[in-house]
Amino acid sequence: SWFQSRVPWTWTSFRVDSHPNNSPTGSSVLMNVCELAVVLFSVLMCVVLSQKRCVVLLPEACPDKEPGLQPWMPGHSEDHRVTIGYGRKVLLTTSATVHSIEILNGGKLVIADTSRPILLRTKHILIGNKGELHIGSPDCPYKGNLTISLFGSDEEHGYFGRKYLGVGTGGTLEIHGQQKLSWTFLNKTLHPGESNQNNYLFQRSWGNRGIIIHVIDPKTGEVLYDDRFDTYRSKNESHRLAKYVDGIEEGLILAMVVNDEGSNNLEDSAKKSLTRLGSKHISIRPQASISIDILSNSSVLELDEQPAGWRPGDRVVVASTDYSMHQAEEFTLLPCPTCSPHQVKVKGKAQFIHMGEEVDGVDMRAEVGLLSRNILLRGEMQPGCYGNEACKFFQFDTFGGHLKVERGFKAVHISGVELQHMGQQTMGHYPVHFHMNGDVDRRGGYDPPTFVSDLSIHHSFSRCVTIHGSNGLLVKNVVGYDTLGHCYFTEDGPEERNTFDHCLGLMVRAGTLLPSDRDSKMCRDITDGAFPGYVANPRQDCSATSTFWIANPNNNLINCAAAGSEETGFWFLFHHVPTGPSEGLYSPGHTEHTPMGQFVNNRAHSNYRAGMILDNGVKTTQANDKDKRPFLSLVGARYGPHQDADPFKPRVPALVHHFVAYKNQDHGAWLRGGDVWLDDCQFADNGIGLTLASGGTFPDDDGSHQQVKNSLFVGESENRGMPLPDNSIWGPGGSDLAGRTLPRGVDFPIRGIQIYDGPINVQNCTFRKYTALDGRHTSAFGFRLNNSWQSCPNNNVTDITFDHITSRVFFGEPGPWFSQMQMDGDKTTVFHDIDGSVSEYPGAFLVKEDNWLLRHPDCIDVPDWKAAICSGKYAQIYIQTRNPANLNMYMARDEYPDRPLMLEGALGKRKHYQQFQPVVTLAKGYTVHWDQAAPAEVTIWLINFNKNDWINVGICYPKGTTFTILSDIHNRLTKQTRKTGVFMRTTQREKVNHSQDKQRGCSCRVVSCSLLFLKVTAHNDREQFAFCSVKGCERVKITAVIPKGSPPSNCLAQAYPRHAELPVVDVPMPKKIPNARLVSVGEDPGSVDLSDGGFWLFNKPLLTFKHCKTEGT
């Protein structure tokens, strides 16, 4: 220390390992002597050489070398209660069994790093105020083999429970095992039953000129003997070769390679010896390459990274790369002297295919996770389930150990640890649990910040890592495998600034703790907390088991993999108010507006529901007679991130960068919110690649938008999977109709992007291998099935590339999965093809073929898409009705009165109001009719109307109806409404068109056929993606007194042909892109339309034209 403070030398650390034959005490003494000698020698050399800058070696700060530690050997007694306190510092040097260990009041327990394994069995370890437990350190990782085994099931502690390692207020826990690669990727596909072994390879470094011989063990591939014979230089070498070959034991493999030259003095005796081995022809060549596949029960894994620290006997898990997470496989490492630095040999052969390559441009390499560590914390288990509610659902014991950290701890850093059989199917008892700790980084005074890293958590019974009411925790290089309930879990909603970096989770199964943990059976059977009469709806209330469960968006997920769960990989959800002990930590709605942390370079596959979901919340009130669902059941929520989580401040987009999602049965990703932007993502082999849903329910949403750019979508890749006895979803697919695993069913309509509502923006994306089959409507672009919600005309698509596509778009038709196509959203689908890269008509809109509110005479039908390509100016109106609310609405356009559009409404018929959201062509006239007497209240909102945009609307009412009509502007944020006009009655429809007051939202007229005509016009500017104007939502509200006993208000027969108009094309159709075609690379052209003249060019010989010319049209 004196030298360090006064001499400007470089001081670095070293470590002297104990000799395995030394006793722990003698070893420590010897090492101290060695360390002192090294330090003195290095100082002496610096002094002798008069170096101003010199490196001085100092011993590492290993905790078991601390002076003053007392050797401790407590023996074996399950009744021995140990308290280490009052400044006592002890060094555990041998295995021991005790009832419990409590460390407090300045006590310290250090585990000796010895060559002999140590097993410490205890019911619990409690580290109390000023207590410390040290096993290795960051600079001196523990190198021995240590197991801490937690046993028993009685004597519960009030805070920590039972069977635990607990860190209380003021406690310190430092555990640091050997540094090993936590997980990596396969770099070569592993096929079932194949070994991938090339255990014996010729290498030129064997020797120089002559014949080189290796004698190889056929079982292991190990080279037993080797020699070189320079038969070019000497005949004696040829004789020696013959004698050597004749003396080799039968059953071994002889490999001979000529390096450079060996034939000059090769004698007949040597040739005869080789012939007797079975050679029919002796030929000496200057070079050779030999490899031998070993026929043994082992396989070689090619890895992306060198498996630093992996040892024979270690266990690894290889993730599934198909739809089923249950295709993950465990292996044990074997010795492999012939393996390259990126190879490991494992016992056994794979049962399933595990991809180790990029497929069709998508990285589908299987993750390979390390399960073994030299420090093991485990729970001792009983042979079967006993004594708790979990036994209704599990046959095995689920009462494992757990590690819990209490608020106010002094320091906690855990690395290089294996946790097995940890967690309990009871609340608050998880493998790693940070409970109500507040800030655990420098913001909370922790320096260095708190972290858990390089953990292997497997075969657990409740979660992997739980962060509860804690902020700033680093969770890095963690493998979580085979657990019950959400694996990486943030609990109440206030958890922020935590970072999950390079974490892997796989085989995440349902658990019983929360509704979101439960599967369908658990959801129905567990009714605790529900109001009497509750009937579970599992797909809505429960069934959300996720690998990463993120209750606050302000957390970071970087380089993580969700490689198989019963439901979802990554799920971002929202607590409207904080729950549990976190109650009151933020204001209502805070998390719904909180900007998202980093979400970069993550991947999800082999999940049932989705690779990623950003949607939903949890019920934050107790069950009651109005809402019988249990506390924390899934409910709806809407995400709209704003600066400082303040909805009055600017929006902040949630960025999803380089997300890879493949082989998820339902969705690659379902993201609802505004704004959510994806960039450089990859989706493949998902039932639906991506759905982007709007951030709110109009009129409460201010018109955010979602976008995906620079991304790749693959429908059916070359990763075909394999047929299995229990796999019922196997059938033809792809352009070659080869058998493959399928996501949902043989007729499920696979879609790349599913357009739901909008607005969305899809830009510079590639769609590959979407092949429609007879009875299966696969397409690159599709729409949400059975959709009652609105569709936005500002869904924009540009710069799209198609590769081996048979159907670019499909709007749907009645049949399997599509039902009857009678819901409002099914009828109003639309999107804008900005540059014509989909339709080949720049600026065109694609609309459903039978939506005559949007069509005009020049629209181009595309029957295979069930669509029409049109031009026009489009917007939406939102018609809200009350008294009654259970009626259907018919809307007819004056130009096509015989083609009315029937809408059922977006809400159920039992609601107290109803809403209809048709897309309309601007500057046109319409009439609205009802299948019952007209509603007493009708409010018309203008959506996506720019300033001066207008439409005429005639609403059917019974004769004798009286009205009150006003217009106003509604501010969605302040909920304030400003009246802008009260309207007059006129009997001349022309005045509706020409006499409008600019300060009013509409003019109106009632005619004898009981139609109330309105001309509604937008008077304020609108921002690009906002539904409403900058001043608020412009609307007209009609309150009517309907005569009792009135018949259905359907005025179609009276309105037309009186008010019919000839169809007019207001916006001319764009010109088709020259030489463009609706058949993409690799597509089947079917019939070719040459009506627009010119030549159609194909990149494969579909047709040959010779000596042709065109005449006329």
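Mentor: We may begin with the nonpolar cores of this predicted model. In soluble globular proteins, nonpolar side chains tend to be buried together. Here the largest nonpolar core comprises 111 residues, and Phe659, Phe767 and Phe781 have the most contacts inside it. Strand S58, residues 760–770, gives the most to this core, contributing five residues.

Trainee: Which residues does phenylalanine 781 touch?

Mentor: Leaving aside residues up to four places away in sequence, Phe781 touches Ile753, Ile755, Val762, Phe767, Val797, Ile800, Phe802, Arg808, Val809, Phe810 and Val838.

Trainee: How should I read the largest pocket, and what space lies in it?

Mentor: The largest pocket holds about 1500 Å³ of space. Its lining has 43 residues, of which Gln540, Trp670, Arg672, Tyr756 and Arg784 are the closest to the centre. Two or more lining residues come from each of helix H6 (538–541) and strands S45 (610–618), S46 (634–635), S49 (667–672) and S57 (751–755). The largest share, four residues, is from S45.

Trainee: Why is the largest pocket said to lie between domain 3 and domain 4?

Mentor: The largest pocket lies between them because domain 3 (653–872) and domain 4 (874–1055) both give residues to its lining.

Technical notes:
Residues are numbered from 1 along each chain as its sequence is written. This is a predicted model: local features need pLDDT of at least 70, side-chain atom pairs count only at pLDDT 80 or more; totals for chains, interfaces and linings use all residues. Side-chain values use heavy atoms; hydrogens and water are left out. On a 1 Å grid over the protein atoms alone, a cavity is a set of points where a 1.4 Å probe fits but cannot get out, and a pocket is an open set with protein on both sides within 12 Å along at least five of seven lines; lining residues have an atom within 4 Å of a point. Grid points are joined across faces, edges and corners, and a volume is the space filled by probe spheres set on the points. Domain bounds come from an automatic or database domain assignment. A nonpolar core is a set of buried Ala, Val, Leu, Ile, Met, Phe, Trp, Tyr and Cys residues joined through side-chain atoms within 4.5 Å. Buried means under 20% relative accessible area, exposed over 50%, partly exposed in between (1.4 Å probe, protein chains only). Contact means heavy atoms within 4.5 Å.
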